[in-house]
Amino acid sequence: MREIGHFIGGKQLQGTSGRHGDVFDPNTGEVQAKVAFAKRSEVEHAIAVAETAQPAWAAVNPQRRARVLMKFLDLVQKEFDTLARLLSSEHGKTFADSKGDIQRGLEVVEFACGIPHLLKGEFTEGAGPNIDLFSLRQPLGVVAGITPFNFPAMIPMWKFAPALACGNAFILKPSERDPSVPMRLAELLVEAGLPAGVLNVINGDKEAVDSLLTDPRIQAVGFVGSSAIAEYVYATAAANGKRAQCFGGAKNQMIIMPDADMDQAVDALIGAGYGSAGERCMAVSVAVPVGKKTADVLLEKLVPRVENLKIGPSTDPQADFGPLITRAHLDKVKSYVDLGVKEGAKLLVDGRNFKMQGYENGNFMGGCLFDHVTPDMRIYKEEIFGPVLAVVRAKDYAEAVRLPSEHEYGNGVAIFTRDGDAARDFVNRVEVGMVGVNFAIPVPLSYYTFGGWKRSGFGDLNQHGPDAVRFYTRTKTVTARWPSGVKEGAEFVIPTMK
Ligand code: NAD
């Protein structure tokens, strides 16, 4: 059985805790590898290694740091397909979707390659007599990233690329369910010229996370995962004096106005609702048609599309989506469908009994579609994270704005309409962090920032874009005077600008 350990000081190390987790093949349900779960002393060792390596890395000039990332881009490109296959084999998403996962990560690495420009501070010449005022952005030291299973390439890259570019050392704690791609990315960084010890990967569970959260040498923590854990990580990191940004779960809605292009809306819904088996934080899980006629037309077109979704193993190039991550998650998603039926929603398409021929023990289920879901139901309130779409019928536009705005999550939302006034009003008023107009999955590009509102995000700064540079650096502001022989004598009053 393949064993996955840790990556510390530029090399793979076996775990020594005696604890490990199973890494499954979601297509077959079989265990394909064992991943080590780090104990506190192993995490402490990784932090010590990172702390030793960080000052020299921070002293490398930004352009050279960027060159390491450029070389990394090159190396990932060279083994793109191999990495995508590895990703699919542990996650279960299709090969094409795994390539998208890697590509969206690389785009943030590309952004981070602009670090010489991004790190430029401010300068005011002559802010006072012989006084210049300027600001510097300096790295924090050793920082940590804790990432989820659903984007095992993209989210680690969102975290480590800007952090490293800013001159920090990094400890990555990837998801224990699909750790192989992050481990390989760490090796490629070293191959690209990153000094050993600047990036370390610790595998594990709560013990590893808690060790990072309570160690005083960790200056900042970036987390992505479910909201309950995000909130816990945020509170614990803050209580331990760390900077933290923690991104959580979602329940993203797509509003369909009566004037929308229905075919375009249905295409968008089917991809955003069921792609990656709904295991995306930006998946659309609630469709909100406005008015009865809109709902009826939408469902007439949508039902056959959901019934005809092509489910297959992650290796099938024709599949729309593959299996779910684990048997336990599959059971949870199916139990939500049972719950929806009990709550009184109308199950128009039932994918619970889908069996994948030849892969009977894989974590497969078909697409499910509910109509007449109401805001008091748990299937509306809670994140299901599976191929289950709920239709909530809104009687008018005002209700359609209210629904996502009043939901406890606020990650993404979309409106489909041809009416520019309505779209503009919606963008302005809706209480959600990322908004799409005729665009179902509005994940901003790398040079903008990514982050949800309300229980989808804890902390002040977003991921990637300019916020990433702010998060991974601290500002130092310098007031410098070169008096050239002018003597003013002692001054007992606070200096002011008269
Ligand atoms: P998860 O919360 O189970 O795990 C995330 C990370 O936290 C993993 O590294 C895991 O090992 C660790 N962890 C789990 N339990 C812990 C505990 N008790 N104490 C400390 N650490 C713990 O999330 P997941 O199932 O891997 O990922 C899916 C979730 O992530 C969904 O809710 C999804 O919406 C969310 N997500 C959010 C975003 C975003 O940017 N908002 C992006 C992707 C995924």
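**Ground rules.** Because the model is predicted, local features need pLDDT of at least 70 and side-chain atom pairs count only at pLDDT 80 or more, while totals for chains, interfaces and linings use all residues. Residues are numbered from 1 along each chain as its sequence is written, and side-chain values use heavy atoms, with hydrogens and water left out.

**Entry 1: the sheet with β1.** I looked up the strand order first. Three strands form an open sheet in the order β1-β5-β4, and the pairing is mixed. Strands here are DSSP E runs of at least two residues, helices are H or I runs of at least four, and both are numbered from the N terminus. Two strands pair if DSSP finds at least two bridges between them.

Which strands stand at the edges? They are β1 (2-4) and β4 (20-25). Each has a single partner strand, so one side of each has no neighbour in the sheet. The twist averages 35° from one strand to the next. For such angles, axes are lines fitted to C-alpha atoms (for helices, over the stretch in contact), and values run from 0 to 180 degrees between N-to-C directions.

Next I checked the pairs. β1 and β5 are parallel, with three bridges. R2 has A33 in β5 as its bridge partner. β4 and β5 (residues 30-36) run antiparallel and share six bridges. I noted two of these partners in β5: V31 for F24, and E30 for D25. Four residues lie between the strands in the hairpin of β4 and β5, and G29 takes a positive phi near 80° there.

**Entry 2: helix α3.** What does α3 touch in the sheet of β4? It packs on that sheet and touches β1, β4 and β5. Contact means heavy atoms within 4.5 Å. The direction of α3 makes about 105° with that of β4.

I then looked at α3 (residues 80-91) against α7 (residues 180-191). These helices pack at an angle of about 155°, and their axes are 9 Å apart. That makes α3 roughly antiparallel to α7. The cut-offs are under 35 degrees for roughly parallel, over 145 for roughly antiparallel, 65 to 115 for roughly perpendicular, and oblique for the rest.

From α3, the residues in contact are L83, L86, L87 and E90. They meet S180, V181, R184, L185 and L188 in α7. By class, the contact has six nonpolar, one polar and two charged residues. Ala, Val, Leu, Ile, Met, Phe, Trp, Tyr, Cys and Pro count as nonpolar, Asp, Glu, Lys and Arg as charged, and the others, Gly among them, as polar.

**Entry 3: a second open sheet.** I found the order β6-β7-β23, with antiparallel pairing. The edge strands β6 (123-128) and β23 (473-481) each pair on one side only. Three bridges join β6 to β7 (residues 131-139). G128 has I131 in β7 as its bridge partner.

**Entry 4: the ligand.** How many residues surround the ligand? I read 27, and the closest are K173, E176, R177, S226 and E383. A residue counts as near if one of its heavy atoms lies within 4 Å.

An N or O atom in the side chain of K173 is 2.7 Å from a ligand oxygen atom. A backbone N or O atom of F149 lies 3.0 Å from an oxygen atom of the ligand.

Note on methods. Polar contact = N/O pair within 3.5 Å; in protein donor to acceptor, adjacent residues only side chain to side chain.
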